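Biologist: I'm new to reading protein structures. Could you walk me through one, feature by feature?

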Amino acid sequence: MITCKDVFRLYKAYQVDVYNEHDVAEFPRFVSGTLGWSFNLVVVGMGKKPSYSSSTSTAFRGWRYLQPRYYIKRPKRLALVVVVCISLTWLVYDRQSLNKEHQEDILRLKEEVTRLQNTLEDMKGHMKAPAQSIQNDEKVNFTKDISVEDDPISIQRRDKVKEAMLHAWTSYEKYAWGSDELKPKSMIGVDNFGGLGATLVDSLDTLFIMGLDDQFKRAREWIAESLHFNKNTEISVFETTIRVLGGLLSAYDLSGDKVFLEKARDLADRLLPAWDTPSGIPYNRINLARGSTNNPAWTRGNSILADSGSEQLEFIALSQRTKDPKYQLKAEKVIKELYRSFPEDGLLPIYIDPLTGTKSNGAITFGAMGDSFYEYLLKAWIQGNKTEVVTFYREMWEKSMKGLQSLIRKSTPSSFSYIPEKLGNSLFDKMDELACFAPGMLALGSSGYGSEEADKFMSLAEELAWTCYNFYQSTPTKLAGENYYFREGEDMEVGTSWNIQRPETIESLFYLWRFTGNKTYQEWGWNIFQAFEKNSRIETGYVGLKDVTTGDKDNMMQSFFLAETLKYLYLLFSPPSVISLDEWVFNTEAHPLRIVTRNAHQEELSDQEEKVPHHLHGRKEGRIDYK
């Protein structure tokens, strides 16, 4: 016989087993299972009769696993629960990390696929035979600015270059405002170009092109109020012309603000006495206040070829804007004087006597002191819109390019094409980074040849650009030295090992990309930009390197880093419509000047000035449609 005490004892045992006093509904089943009996338990309370269903009892049974005290006396189960929770947390976090990494990998793969697709299309294009034929020995009008759509990668890279310009400019504005250049480490300004605000004026068009309007306005205000040229100081005619005069004229052409033209005219008037020589070949230095002129002592009284033959674009542009021919007459007389005895190979030594106009003994080079003379022969022809009046520039340039082709050598074992220097009848296997403007010049000038000749020059341009790119890639810092030597079996070796943020290689990559649409040149330019960011950027601006093999930094931010290097990088990732080569020509400091057609009846030349013989023309003239 079972008493109430027995039932109570059984119930307590049930509670101990399940640790849940609320599972009273399961008690009858527990007793039945224990004693083998079957009975109904009726609990009377609050006047209600509870009813128990199988679904309710199942729910009650599941609740006990949610009670913390269920696990207090079951440490193994507690440990299992903790392990499961930690595992689940780690699994969720790991999946999120993997998803993020996979997304980044997918983005990189998409960029690489896009690049490879573009490269494949370029290779297919080069394999097609030219469709045009040459008739009657006429020149072919090639497209200059190809149609290239903007893409997200280019936009992103362009923004990075713009941010770099803003960093450089802000540093200059903060530490060297109004000075010629900034010493970023010292956080002071220095006047290396006569105190004419070289960096400020040099940067005007870069600020304008990049849409940095507030910075451009502040620079314009300084020029209007604080830029004066009545300075008792001796300056370089060439450097002042290309940086300051060119910068002012470009700012005028872009903005239409006459304050820039007025300042340009004032400066040019002070530079003109440099051309008052018996031959018309200018002296290379002048005192702006006194007008006294001379040449550096180390030139032994000679004028430098590049310094004397690289002012034509600026002075011709000033005459066109002011309707005053005197500037053009002075600068153009230099080229006419050199034409009198221009050699068949078009190559001139770097020294010229300003008294007699004769060429002195000196090296022949497309590097320092020779480079921009050849560049301006081509660009003056383009600036005049390739009309009959400016044909003699093109004639001289084509002779010079025959001479350049005769200099080309290849290294061993890698067959890098390079331009050696010539001294007398001997070649010196050295090439300046400055000479890396040549690939861009060749590409720019190829449009004036027939298709077969144009292909040869484009091919040479691409070979030289590959060499110049490897000037950068061959060093530990991925930045180029000042010059390189080529020795048998050793390819290239750094000579002068500093890097002063020069733009010439990037300039050529810009032209080659504009003419071919080959994005390989954009990739090369991006690699060079990243090397500048890694090695040259500091908190207070950008500096050069004392040694590209060690990465030791100097203490100077060159004005042309803002005027040229960053501008060409920005344009390298911009659509061809931004400063179209159909409408603009760059001076040797990367200042864009508008192309203005020159016609004989529009130019009033004085009776004393000898005109260029008209027998020089004889090829198809007129503007080339680049689109």
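Predicted model: local features only at pLDDT ≥ 70, side-chain atom pairs only at ≥ 80, totals over all residues.

Biologist: Take Asp371. Is Asp371 buried or exposed?

Modeller: The idea is to look at relative accessible area, and under 20% is called buried. Asp371 has 13% relative accessibility, so Asp371 counts as buried. You'll find Asp371 in helix 15, which covers residues 371–383.

Biologist: And what is Asp371 in contact with, leaving aside neighbours within four places in sequence?

Modeller: Its contacts are Ala306, Thr365, Phe366, Leu434 and Phe437.

Biologist: Where is Glu482 found?

Modeller: Glu482 is in the loop between helix 18 (451–473) and strand 13 (483–487). Its relative accessible area is 11%, so Glu482 is buried. Not counting residues up to four places away in sequence, Glu482 touches several others, including Asp432, Glu433, Leu434 and Trp498. Spot Leu434 there: Asp371 is in contact with Leu434, and Glu482 touches Leu434 too.

Biologist: Next up, disulfides. How many does the structure hold?

Modeller: First the general idea: a disulfide is a covalent bond between the sulfur atoms of two cysteines. This structure holds 1 disulfide. Cys436 is joined to Cys468, with 2.1 Å from S to S. The angle about the S-S bond is -95°, and the link is left-handed.

Biologist: Which parts does the pair tie together?

Modeller: Cys436 sits in the loop between strand 12 (430–432) and helix 17 (438–445), while Cys468 is in helix 18, so the link ties together parts 32 residues apart in sequence. Cys436 is buried, at 0% relative accessibility, and Cys468 is buried as well, at 1%.

Biologist: Last one: how do I read a sheet? In what order do the strands come?

Modeller: Go strand by strand and look for partners. Here 3 strands form an open sheet in the order 12-13-14, with antiparallel pairing. Strand 12 and strand 14 (491–494) stand at the edges with a single partner strand each, so one side of each has no neighbour in the sheet. On average, neighbouring strands of this sheet are turned by 30° against each other, direction ignored.

Biologist: Over how many bridges do strand 13 and strand 14 pair?

Modeller: They pair over 4 bridges, in the antiparallel sense.

How values were computed
Residues numbered from 1 in each chain as written. Heavy atoms only, no water. Helix = DSSP H or I, 4+ residues; strand = E, 2+ residues; numbered from the N terminus. Buried < 20%, exposed > 50% of the residue type's maximum accessible area, 1.4 Å probe, protein only. Contact = heavy atoms within 4.5 Å. Disulfide = S-S within 2.5 Å. Pairing = 2+ DSSP bridges. Axes fitted to C-alpha atoms, helices over the stretch in contact; angles between N-to-C directions.
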